[in-house]
Structures are given as C-alpha cells and as structure tokens.
Amino acid sequence: MGLYVETVIDADMDVLWERTQDPARHQSWDLRFTSISYLPRADGEPQRFRYATRLLPLLWIAGTGVSAGERQRSDGTRVSALRFASGHPLSLLAEGSGYWRYVPGPTGICFLTGYDYRPRWGRCGALADRLVFRPLMAWATAWSFDRLRLWCERGTHPRAALARALGECALRLALVLAALLASPVAPLALAAATAVLAALLPPLPGTPAARRCRRTPSGRVRAPRLLATLEPS
C-alpha cells in the first residue's frame with residue numbers, strides 16, 4: 001500500500017471499533033470525509049457505502065465503496081478492508097483500496113492503515129498527486145488519527161479538537177506576523193528566529209497533530225486477505 005499511518009490509542013477495543021466503523025462517528029473525526037452513509041444490503045453481503053467531501057460550500061466530491069470487517073480473530077486483532085471509487089469529473093482519485101488493523105499491545109491498541117489509489121487525468125494528474133494530493137492525504141490521515149486518539153483517550157470531541165487546532169494555528173500565525181512587523185525595529189535575525197520558533201513549536205498536548213503518528217511501517221506489511229474478497233465498488 002502506498003500510504004501508511006500508525007498510532008497507538010489507549011482505549012477499549014469495542015469503543016475504538018465503534019468510532020471507526022459507525023459512519024456517523026467515523027465522519028466526525030476523519031478530515032478526509034464530510035459525510036459517510038451505508039447503503040442497504042442483504043445478509044452476508046459486504047457493506048456498501050456512499051461518501052462525500054465538501055471542497056467548497058457548493059462543491060461536493062462524492063464516491064461509493066464496499067467494505068467488510070473481521071471483528072473476532074484468533075490472535076485478538078481486528079481488521080477491516082474497503083475498496084472505493086469516484087466517478088466525479090473533478091475527483092483526482094479514480095479508485096483505490098485500503099485496510100485498517102487493530103492490534104492490542106501493552107500500551108494500547110496499535111491502530112494502523114495502509115491504502116493506495118489510482119489518480120486520473122493522465123500524466124498531469126499523476127504529477128499533481130505526487131507533489132500535492134498524496135502528501136496532503138498522508139497528512140490528513142495522520143492528523144485525523146491523532147484527533148481520534150484524543151477523543152478515545154481524553155474524551156475530547158472531534159469538534160472541540162478542531163476548534164483547538166484552529167485556535168492554535170491562529171495564535172502561531174499572529175506570532176509570526178508580529179515578528180515580521182517588528183523587523184524594522186528588531187534585528188532581522190531575531191524576527192526570523194521568532195517566526196521559525198512559532199511555526200515549529202510542538203502542538204499542545206490536547207491539540208491534534210499529524211507528527212505524532214508514524215508514517216512508515218517498522219517492517220514488511222501486507223494487505224489482509226479480506227481485501228481480496230471485495231469486488232470493486
């Protein structure tokens with residue numbers, strides 16, 4: 001899988017499973033989606049769903065997917081897998097697949113994802129994906145995972161976590177602007193150092209941060225077999 005994000009969440013397995021598998025709860029913490037809804041299905045069939053992301057007030061990028069999960073496994077872990085696609089002409093993402101793993105450990109549950117997708121728009125799309133979209137998706141996934149961790153560990157609702165993140169960003173920006181405005185008076189080096197310090201200081205413990213998540217696996221990873229059982233969405 002091309003993108004990988006991992007974090008450790010000190011929470012009950014059932015709580016984490018519910019907040020990641022229930023569409024209403026999932027969409028509340030995952031920055032990549034604005035809405036997720038399940039579609040009707042027959043017993044024994046994989047779950048199909050519809051998702052949408054709002055880019056502008058009146059611009060929505062929608063798609064569909066299919067998912068399945070294994071809640072009870074002999075080794076105590078859990079896993080879910082999905083395939084997704086979007087036919088929207090403005091969606092750079094054409095189709096893709098991924099999985100979530102839930103691995104209990106001594107300090108909490110190692111919650112990780114691996115996923116990849118095929119961009120559209122030919123060479124231009126591939127270049128835009130490599131330079132802009134893929135790094136943005138990796139950051140958004142990691143930031144969302146940390147927001148989920150704060151919800152499970154501290155009880156910080158995703159909306160409150162977002163408000164804290166926006167407030168902290170505004171404060172950092174104010175410090176940078178203040179340093180730049182002070183440059184005619186203060187030495188330029190001091191103003192630049194203040195700006196760098198404001199930008200690089202670690203986020204507050206209660207503020208979501210992508211940097212807290214691991215972006216590369218510690219060893220070789222493989223997609224779960226469950227993924228191979230899903231037909232394209």
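**Aromatic contacts in a predicted model**

Trainee: Which residues form one aromatic cluster here?
Mentor: Keep in mind that this is a predicted model. In it, one aromatic cluster is made up of W17, W29, W100, Y102, F111 and F145.

Trainee: How many aromatic pairs turn up in the whole structure?
Mentor: Rings pair up if their centres lie within 6.5 Å. Searching the whole structure on that basis gives a count of 10.

Trainee: What kind of pair do W100 and F111 form?
Mentor: Their ring centres sit 5.4 Å apart, with 65° between the planes. Planes over 60 degrees apart fall in one class, so this pair is edge-to-face.

Trainee: How many residues apart in sequence are the parts that this W100 and F111 pair ties together?
Mentor: W100 belongs to strand β6, residues 93-105, and F111 to strand β7, residues 108-119. So the pair links parts whose separation in sequence is 11 residues.

Trainee: Is F111 buried or exposed?
Mentor: The cut-off for buried is under 20% relative accessible area. F111 comes in at 0%, so the label is buried.

Trainee: Y117 and F133 also pair up, so which elements does that pair tie together?
Mentor: This one is edge-to-face, at 5.9 Å centre to centre and 85° between the planes. Y117 is buried at 6% relative accessible area, while F133 is partly exposed at 24%. The pair ties together strand β7 and helix α3.

Trainee: Which residue lies over the face of Y117?
Mentor: Look for a charge 4.4 Å from the ring centre of Y117. The residue there is R134.

Technical notes:
Residues are numbered from 1 along each chain as its sequence is written. This is a predicted model: local features need pLDDT of at least 70, side-chain atom pairs count only at pLDDT 80 or more; totals for chains, interfaces and linings use all residues. Side-chain values use heavy atoms; hydrogens and water are left out. Rings of Phe, Tyr and Trp (its six-membered ring) pair if their centres lie within 6.5 Å; planes under 30 degrees apart count as stacked, over 60 as edge-to-face and the rest as tilted. Helices (H or I, at least four residues) and strands (E, at least two) are DSSP runs, numbered from the N terminus. Buried means under 20% relative accessible area, exposed over 50%, partly exposed in between (1.4 Å probe, protein chains only). A charge sits over a ring if NZ of Lys or CZ of Arg is within 6 Å of the ring centre and within 35 degrees of the ring normal.
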